[in-house]
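Read it alongside the sequence and the structure.

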Amino acid sequence: MTDPNTPPGATPPPSEPVGATPPAAPAYDAPPPAAPAYSSAPPAEYGSPAAGEPGKTMGIVALIAVFFISILGLVLGYVARSQSKKAGIPNTPAKIAIILGWIFIVLQIIGAIIAIVLFATLAASGTDLLCEGMPPGVYELTDGGTITCE
C-alpha cells in the first residue's frame with residue numbers, strides 16, 4: 001500500500017528494523033534538565049494600577065462619600081491627603097473632598113439652627129392660636145398639661 005502524501009517516484013523513508021533496540025532510559029541519579037531562562041517582566045504601562053499613587057483611591061472614595069456623609073468624607077479626605085503627602089504626590093480628589101466636607105458641615109449647622117428657630121417660632125405661634133379669643137389665664141388641657149394665655 002502506498003502513502004497518498006508521498007509524491008510519485010519518491011522513495012518512502014526506511015522503516016526501523018524489527019529487532020532494533022529502543023533508546024536507553026535516563027538514569028535516576030542524573031540531575032534534572034535545567035529550566036529555560038525567561039526574561040524579566042515588561043515595564044508597567046502608562047496609567048496602569050501598578051503605578052501606585054498612595055491615597056489616590058481613598059481620595060476618590062472621600063470625594064464620593066462627602067456628598068452622603070460629610071463627616072466621613074472629611075475624615076477620609078484628610079487620611080488620603082496625609083498618605084499622598086508622605087509619598088510626595090498631590091491628591092486633588094482628597095483636597096476637594098476636604099473643602100466640600102467643611103462647606104457641607106457648615107451648611108448642616110446653619111440648617112440645624114434654622115430648623116430649631118423655625119420649630120420654636122411655630123411652637124410659640126401654635127400657643128397664640130390656642131389662646132385666640134380666650135381671656136387671659138391658665139387653662140388645663142385634656143392630656144393633663146396646662147397653657148397660660150396672656
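H1 and H2 are roughly antiparallel to each other, because their angle falls in the range over 145 degrees. That angle is about 160 degrees, and the two axes lie 8 Å apart. The model is predicted.

**Overall layout**
- The protein chain holds 3 helices and 2 strands.
- Their order from the N terminus is α-α-α-β-β.
- The chain has 150 residues, and 15% of them count as buried.
- Take the contacts in the chain with a separation of 6 or more: 49% of them join residues 24 or more positions apart.

**H1 against H2**
- Helix H1 covers residues 56-65, and helix H2 covers residues 70-87.
- The crossing of H1 past H2 is left-handed.
- H1 contributes Lys56, Met58, Gly59, Val61, Ala62 and Ala65 to this contact.
- H2 contributes Ser70, Leu72, Gly73, Leu76, Gly77, Val79, Ala80, Gln83 and Ser84.
- By class, the residues of the contact of H1 with H2 are 8 nonpolar, 6 polar and 1 charged.

**Ser70**
- Ser70 is a residue of helix H2.
- Is Ser70 buried or exposed? Its relative accessible area is 6%, so Ser70 is buried, the cut-off being under 20%.
- Setting aside residues up to four places away in sequence, Ser70 touches Ala65, Gly101, Phe104, Ile105 and Gln108.
- Ala65 belongs to the H1 side of the contact between H1 and H2.

**H1 against H3**
- Helix H3 covers residues 92-131.
- H1 and H3 pack at an angle of about 30 degrees, with 7 Å between their axes.
- Angles under 35 degrees count as roughly parallel, and H1 and H3 are therefore roughly parallel to each other.
- H1 also passes H3 in a left-handed crossing.
- On the H1 side, the contact uses Lys56, Gly59, Ile60, Ala62 and Leu63.
- On the H3 side, the contact uses Pro93, Ala94, Ile96, Ala97 and Leu100.
- These residues of the contact of H1 with H3 divide into 8 nonpolar, 1 polar and 1 charged.

**H3 itself**
- How far apart are the end C-alpha atoms of H3? They are 59 Å apart.
- At 1.5 Å a residue, the 40 residues of H3 should span 58 Å, which agrees.
- The buried residues in H3 are Pro93, Ala94, Ala97, Ile98, Gly101, Ile105 and Cys131.
- What do the buried residues of H3 pack against? They pack against H1, H2 and strand E2.
- Pro93, Ala94 and Ala97 are buried, and these residues also take part in the contact with H1.
- Gly101 and Ile105 are buried, and both are touched by Ser70.
- Just after H3, Gly133 has a positive phi of about 85 degrees.

**Strand E2 and Thr146**
- Strand E2 covers 146-149, and Thr146 lies in this strand.
- Is Thr146 buried or exposed? Its relative accessibility is 56%, so Thr146 counts as exposed, the cut-off being over 50%.
- With neighbours within four places in sequence left aside, Thr146 is in contact with Val138, Tyr139, Glu140 and Leu141.

Note on methods
Residues numbered from 1 in each chain as written. Predicted model: local features only at pLDDT ≥ 70, side-chain atom pairs only at ≥ 80, totals over all residues. Heavy atoms only, no water. Axes fitted to C-alpha atoms, helices over the stretch in contact; angles between N-to-C directions. Helix = DSSP H or I, 4+ residues; strand = E, 2+ residues; numbered from the N terminus. Parallel < 35°, antiparallel > 145°, perpendicular 65-115°, else oblique. Left-handed = near helix turned anticlockwise from the far one by under 90°. Contact = heavy atoms within 4.5 Å. Nonpolar A, V, L, I, M, F, W, Y, C, P; charged D, E, K, R; others polar. Buried < 20%, exposed > 50% of the residue type's maximum accessible area, 1.4 Å probe, protein only. Expected span 1.5 Å × (residues − 1).
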